[in-house]
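Here are my notes on the model, point by point. Please read them with the coordinates open.

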Amino acid sequence: MMFNIYAVRDVKVGFQSITIQPNDPVAARSFESTVINSDSVLFTHAEDFSLYRLGTWDSDTGHIIPEEMPVLILEARSCLLGGKKHV
């Protein structure tokens, strides 16, 4: 089965640990849930964080296919403004 590979980018550090999700909407929903948690650094410094898709992973073969360039999915600050900017 094909899954997508995602990572949160912090403008002050770079890309963080990856996560595997079935598609962009599920990944965006998970990211948004983390951002709107007021105990999260993604909430307190939302301007620093964005979610990117880095590639795909085939769970049957283990093959990873990277994106040519990371694809912006969602900016954390847009989650707090109420208008999700799903790219």
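1. Start at Met1. Met1 sits in the segment before strand E1 (2–10). Helices (H or I, at least four residues) and strands (E, at least two) are DSSP runs, numbered from the N terminus. Met1 is exposed, at 55% relative accessibility. Here buried means under 20% relative accessible area, exposed over 50%, and partly exposed in between (1.4 Å probe, protein chains only). Beyond its neighbours within four places in sequence, Met1 contacts Trp57, Asp58, Ser59 and Asp60; contact means heavy atoms within 4.5 Å. From Met1 to Ala28 is 27 residues in sequence and 20 Å in space, C-alpha to C-alpha.

2. Ground rules. This is a predicted model, where local features need pLDDT of at least 70 and side-chain atom pairs count only at pLDDT 80 or more, while totals for chains, interfaces and linings use all residues. Residues are numbered from 1 along each chain as its sequence is written, and side-chain values use heavy atoms, with hydrogens and water left out.

3. Aromatic pairs. Rings of Phe, Tyr and Trp (its six-membered ring) pair if their centres lie within 6.5 Å; planes under 30 degrees apart are stacked, over 60 edge-to-face, and the rest tilted. The count by this rule is 2 aromatic pairs. One of them is Phe15 with Tyr52: the ring centres are 5.4 Å apart and the planes stand at 75°, so this pair is edge-to-face. Phe15 belongs to strand E2 (residues 14–21) and Tyr52 to strand E3 (residues 49–58), so the pair links distant parts of the chain, 37 residues apart. Phe15 is partly exposed at 40%. Tyr52 is buried at 17%.

4. Salt bridges, first site. A salt bridge is a side-chain nitrogen of Lys or Arg within 4 Å of a carboxyl oxygen of Asp or Glu. The whole structure holds 4 of them. Among them is Asp48 with Lys12, at 2.9 Å, N to O. Asp48 is in the loop between helix H2 (41–44) and E3, and Lys12 is in the loop between E1 and E2, so the bridge ties together parts 36 residues apart in sequence. Asp48 is buried, with a relative accessible area of 9%. Lys12 is exposed, with 63%.

5. Salt bridges around Arg53. Asp24 and Arg53 meet at 2.6 Å, N to O. This pair links distant parts of the chain: Asp24 is in helix H1 (residues 24–35) and Arg53 in strand E3, 29 residues apart. Glu67 also bridges to Arg53, with the closest N and O atoms 2.8 Å apart. Glu67 lies in strand E4 (residues 64–75), so its pairing with Arg53 in E3 ties together parts 14 residues apart in sequence. Shared partners join Asp24, Arg53 and Glu67 into one network. Which of these are buried? Asp24 is, at 14%, and Arg53 is, at 16%. Glu67 is partly exposed, at 27%.

6. Largest pocket. The largest pocket has about 190 Å³ of space. Of its 13 lining residues, the closest to the centre are Val8, Thr19, Ser30, Phe31 and Leu51. E1, E2 and H1 each supply at least two lining residues. The lining divides into 7 nonpolar, 6 polar and no charged residues. A pocket is an open set of points on a 1 Å grid over the protein atoms alone, with protein on both sides within 12 Å along at least five of seven lines (1.4 Å probe; lining atoms within 4 Å of a point).

Technical notes
Points joined across faces, edges and corners; volume = space filled by probe spheres on them. Nonpolar A, V, L, I, M, F, W, Y, C, P; charged D, E, K, R; others polar.
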